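Subject: Structure handover

Hello,

Here is the structure I promised to pass on. Please look it over, then read the notes below.

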Amino acid sequence: MNKKIDLESPLQRVHLPIESANGLPNECYTERSAFDRDRELVFAPGWTCIGFGSDVPADWAVPVELMGLPLLITRDKNETVRVFHNVCSHRGMQLVTEAGRLGTGLIRCKYHSWAYDFEGNLRGTPMIGGVDQNEHKDFDPAVNGLREIPSALWMDNIFINLSSDAQPFDEFLAPLMQRWSKWVTPESLLELQPATTHGKMELSVNSNWKLAIENFLEAYHLPWVHPTLNSYSPLSEHYDIERGENFAGQGSSNYQSPAGANSTLSTWPAEQTRFAEYPVLYPNALFGLQADHFFTMTILPISETQSVERVQLMFLGEVATDDKYSEHRKSVLENWREVFLEDVFAVEGMQQGRRSPAYQGGVFSPVMDQHTLHFHRWVAKRLEPASDSE
Ligand code: FES
Ligand SMILES: [Fe+2]
């Protein structure tokens, strides 16, 4: 980095060489104002995963929240998924409060019954011009539809770009796909489908979202936090994924496919099925790519000290859907649940520790914590315009 580092600025100390760097200051994990800044400066400008396409059947509208913002996901009869701000253009009523099917094809506000179609167009404004007058010469419905947010559906993950000015989604994804090109292609990934049963789980953690990310980025804690996993996939057989512009993570060279289904992705070389990778696509999409299944964990920040982790598994062909593989899906899901639950105390413990003024961002293992620092630098770069102006 060319800019001179201001050693008095806690945020800039992340840019020092790893041996002398400190991590993000406590305030980034404990303050409401930092949470709001994360939303505006870290999440809004990029691509954020807000949930799964399989949560939204055709002809449904599903309300979700991202960091306090009410959003609405719809899927029309042609299977097109869209994301809107979940607010009526009239008096600002939250439009949809419960997930459900919209048999009429219209999303109707419960306050004055204005109605929108699945493309967000305003289709009905009853009595806007007085009793029995559903139009008014000075009111143009065409400019008063729902506000759509750019979105993309990839591996059943719904990504949105709140600021509307991010790079195109395909460009955002390209570095990771490039890395994975030795195993998969965009086409072969389509062989994976969301599991129809035993495919989802959700965990609430009492921590800032960043700590869940940081924990996923490193394998250093494996011997102490995941003794079972470490017994068959030890730390010595984990490796660091090279750090990209917008991702980092770890891989295993000794992944063992669970018994019960033995198909693998068609493009995956047979001699490499022991490889598996666990990157974070910044800011909040965590992936597990294995030859026989895939998972996404999306970290949804709820407050500065609370997050929700939502996980979805995908399998190959009928392994994803057929009843005869139900037990297999269940055992894979339960294995991951065990691993992810083991991490909760660590993530929550780090949150507790950040209440201490004796901790000032901490220090890093120059070998084992490189990804954590990579993430801190990525976050700090996005926060710096705000911190400079303070
Ligand atoms: S607030 Fe929605 S119709 Fe009035
Ligand atoms: Fe872990």
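Start with one salt bridge: arginine 82 pairs with aspartate 76, and the closest N and O atoms are 3.2 Å apart. (A salt bridge here is a side-chain nitrogen of Lys or Arg within 4 Å of a carboxyl oxygen of Asp or Glu.) Arginine 82 is buried, at 13% relative accessible area. Aspartate 76 is buried too, at 10%. (Buried means under 20% relative accessible area, exposed over 50%, and partly exposed in between, with a 1.4 Å probe and protein chains only.)

Before the rest, the ground rules. This is a predicted model, in which local features need pLDDT of at least 70 and side-chain atom pairs count only at pLDDT 80 or more, while totals for chains, interfaces and linings use all residues. Residues are numbered from 1 along each chain as its sequence is written, chains are lettered from A and ligands numbered from 1 in the order in which they are written, and side-chain values use heavy atoms, with hydrogens and water left out.

The whole structure holds 18 salt bridges. One of them joins lysine 200 and aspartate 55, at 3.0 Å from N to O. Lysine 200 sits in strand β13 (residues 200-205) and aspartate 55 in the loop between β1 (48-52) and β2 (60-66), so the pair ties together parts 145 residues apart in sequence. (Helices, H or I with at least four residues, and strands, E with at least two, are DSSP runs numbered from the N terminus.) Both partners are partly exposed: lysine 200 at 35%, aspartate 55 at 23%. There is also a network of salt bridges that links Asp55, Lys200, Glu202 and Arg310.

Glutamate 277 bridges to arginine 179, with the closest N and O atoms 2.7 Å apart. Glutamate 277 is in strand β16 (residues 276-281) and arginine 179 in helix α3 (residues 169-179), so parts 98 residues apart in sequence are tied together. Both residues are buried.

Histidine 226 lies in the loop between α5 (222-225) and α6 (227-232), and aspartate 343 in helix α8 (residues 326-353), 117 residues apart. Histidine 226 is buried, at 2%. Aspartate 343 is buried as well, at 10%.

The sheet

Five strands form an open sheet in the order β5-β2-β3-β4-β9, with antiparallel pairing. Two bridges join β4 (residues 81-85) to β9. (Strands pair if DSSP finds at least two bridges between them.) Phenylalanine 84 has glutamate 148 in β9 as its bridge partner.

Histidine 374

Histidine 374 is in helix α9 (residues 370-388). Is histidine 374 buried or exposed? Histidine 374 is buried, at 19% relative accessible area. Apart from neighbours within four places in sequence, histidine 374 is in contact (heavy atoms within 4.5 Å) with Arg243, Gly244, Phe247, Ala248 and Tyr282. A polar atom of the histidine 374 side chain lies 3.0 Å from the backbone oxygen of glycine 244.

Best wishes

Note on methods: Polar contact = N/O pair within 3.5 Å; in protein donor to acceptor, adjacent residues only side chain to side chain.
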